[in-house]
Amino acid sequence: MMKLRDVTIVPEGDGVDVKRLFPLQGFMNFDPFVLWDHFNIGPGRGFPDHPHRGFEAITYMFDGGMNHKDNLGNESFVTAGGAQRFTAGAGMVHSEMPAEEGESNGIQLWINLPQRLKKIEPGYQQDDAADFPVVELEAGQVKILMGENSPLVLKTKVIYQHVTLKKEANYSLALDQGMRGIVYVMQGAIQVNNDLVKLDQAAFIEGVTMLEFKAMKDSQFMSCMGMPHGEPIRQYGPFVD
């Protein structure tokens, strides 16, 4: 089963407009995923100190950079192609501020923690562009952010990929039974199991064990599949309890 949704422009942080898939009124989450924001931030804007708890997040950069600073003593700067992961767990406070020049473009994804792990110690990890495995295709490539041989570690089983395909190129992805997730198009247009997904659209997918992608033009998209926890999600603001 597949449903399509367009992004919604939402104000966030200090002067930032994001392209949001969820949470939105009437569509709060897609277990185990609880937030998807595509941001493009210029200097002087960003996300000053704010609290979180109850989930994990990955910030993946396409362009520019993002500085993370938290009350655990971590401070680091991730650049294009790299990613930061924080586990909010029992609670943390952090800031995320963009590079001082140019635009900083990326996606932040929140993944729920199961109830048994809500109170774990918070943590942080950064990996740079060269740390992630890349699979070369005949007419494209697949960068593995989460999954086989990825250095990023989550508490939930997730396959997260940045896929680039030339026009008419194909790519297949096998899924474990029960996985569900999101295919989000940042460039071009693709067919997903024969359904068309356009720029700034996402397909929400469940009930299949194989995804067949075909690029209708030169395209880039994110494929993010995870195993749902099947538990109630109490989500409000920066907290997921």
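## Terms and model

Helices (H or I, at least four residues) and strands (E, at least two) are DSSP runs, numbered from the N terminus. This is a predicted model: local features need pLDDT of at least 70, side-chain atom pairs count only at pLDDT 80 or more, and totals for chains, interfaces and linings use all residues. Residues are numbered from 1 along each chain as its sequence is written, and side-chain values use heavy atoms, without hydrogens and water.

## The pocket

The largest pocket holds about 340 Å³ of space. A pocket is an open set of points on a 1 Å grid over the protein atoms alone, where a 1.4 Å probe fits, with protein on both sides within 12 Å along at least five of seven lines; lining residues have an atom within 4 Å of a point. Grid points are joined across faces, edges and corners, and the volume is the space filled by probe spheres set on them.

The lining has 19 residues. Closest to the centre are Glu 12, Phe 47, His 50, His 52 and Trp 110. Which strand gives the largest share of the lining? Strand β5 does, with 4 residues.

## The sheet

Strand β5 also belongs to an open sheet of 4 strands, in the order β5-β10-β7-β8, with antiparallel pairing. Two strands pair if DSSP finds at least two bridges between them. The edge strands are β5 (47-52) and β8 (75-79), and each pairs on one side only.

Strand β5 is joined to β10 (residues 92-98) by 4 bridges. There, Phe 47 stands opposite Glu 96 in β10.
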